[in-house]
Amino acid sequence: MRRVVAAPADPGLAELAPDQRLRRLELTVTRRLNGLLHGQYRGLLPGPGSEPAGSREYRPGEDEVRRMDWAVTARTAVPHVRQVDADRELTTWLLVDASASMEFGTAELDKRELAVAAVAAIGFLTAGVGNRLGAQVLRADGVRRFPARSGRTHLLGLLRALLAAPRGTAPGDGPGPPAGASAPVGPPELADGLDALHRVANRRGLVVVVSDFLDGLPDDPGEPPPWERTLRRLAVRHQVLGIEVTDPRELELPDVGLITLVDPETGRRREVCTSDRRLRERYAEAAAAQRDQVHQALRRSGATHLALRTDRDWSADIVRHVHAQRRLAAAPAGAARGGVA
């Protein structure tokens with residue numbers, strides 16, 4: 001009888017060394033996502049561009065009146081609209097949340113590792129001759145800034161820094177500050193990071209915010225979060241993509257008996273009996289309302305929303321998102337507006 005030896009399981013992304021993770025991410029993006037960008041200067045969020053490329057006759061029902069070329073229309077007595085080409089150089093700015101709330105995960109990846117995967121996808125997809133990538137990383141020990149530069153070496157340096165960023169320690173864990181020392185400064189907030197990004201992102205481009213968007217989220221659903229106003233200001237000038245990172249345990253609780261929940265930002269602890277069915281239902285309802293609150297805030301800000309989960313194939317989610325955006329961009333203006341919920 002021949003003995004069959006099982007092949008060793010393929011290690012997950014989280015189990016690999018940092019350099020191996022970078023190679024795995026690059027291969028994943030190259031093999032599965034690289035075909036998404038048709039042409040050298042197409043972005044993740046399709047748009048008309050800004051470089052003039054002449055005029056053509058107006059097509060009723062397809063063209064927007066705000067693109068009307070009035071000078072050519074007056075000269076020819078036939079309605080014309082302006083045509084534009086995609087920008088020849090794309091500047092992408094990233095705001096990456098690496099705070100304590102992102103250090104949670106119950107699937108193959110935790111939220112922070114999924115954020116690194118999202119950054120890798122954005123970076124490798126938008127890389128090209130003349131394209132630049134800049135970033136601001138909200139870490140537990142402050143904000144780390146990366147100026148907008150081009151090249152694969154710069155992108156790999158950003159990814160290594162994200163993988164090596166220090167993990168936060170919840171208040172109450174570990175030794176406290178020495179006697180006489182000043183109180184430690186709290187971690188930077190998402191609204192502060194967006195304000196700083198608004199100051200440096202002067203040239204029109206793509207702004208990508210990778211976060212769970214829980215920072216400062218008010219209890220009242222009718223009250224806007226503190227980061228919404230600045231995000232709206234960014235969306236006036238830039239294409240803005242909000243990548244929301246979540247874990248399944250943030251959406252529903254399993255029946256595992258008595259557990260202790262810890263707030264990673266404040267260190268507050270609370271014992272919860274997950275055997276209570278009504279409690280699990282209330283938790284799921286509150287979590288769904290919270291996710292809808294984030295979605296509505298991103299929508300009001302004018303940002304495109306991409307939701308990624310630690311228990312799903314993130315590359316497939318990105319593929320679906322980009323294809324959906326392409327269909328919206330290709331649809332007639334009236335139909336696109338009518339199809340938005």
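Me: Where does Ala-77 lie?
Reply: Ala-77 sits in the loop between helix H2 (70-76) and strand E2 (80-85). Helices (H or I, at least four residues) and strands (E, at least two) are DSSP runs, numbered from the N terminus. This is a predicted model, where local features need pLDDT of at least 70. Residues are numbered from 1 along each chain.

Me: What makes Ala-77 exposed?
Reply: The relative accessible area of Ala-77 is 70%. Exposed means over 50%, buried under 20%, partly exposed in between (1.4 Å probe, protein chains only). So Ala-77 is exposed.

Me: Why is Phe-213 called buried?
Reply: Phe-213 has a relative accessible area of 1%, so it counts as buried. Phe-213 lies in the loop between strand E6 (206-211) and helix H6 (228-237).

Me: What phi does Phe-213 have?
Reply: Phe-213 has a positive phi of about 60°, yet it is not a glycine. Most residues other than glycine have a negative phi. Ala-77 also has a positive phi, about 65°.

Me: Why is H1 called oblique to H4?
Reply: The axes of H1 (residues 18-33) and H4 (residues 152-164) come within 10 Å and cross at roughly 125°. That makes H1 oblique to H4. Under 35 degrees is roughly parallel, over 145 roughly antiparallel, 65 to 115 roughly perpendicular, and the rest oblique. Axes are lines fitted to C-alpha atoms, for helices over the stretch in contact, and angles run from 0 to 180 degrees between N-to-C directions.

Me: Which residues of H1 and H4 meet?
Reply: Pro-18, Asp-19, Arg-21, Leu-22 and Glu-26 in H1 meet Arg-152, Leu-156, Leu-159, Arg-160 and Leu-163 in H4. Contact means heavy atoms within 4.5 Å.

Methods:
This is a predicted model: local features need pLDDT of at least 70, side-chain atom pairs count only at pLDDT 80 or more; totals for chains, interfaces and linings use all residues. Side-chain values use heavy atoms; hydrogens and water are left out.
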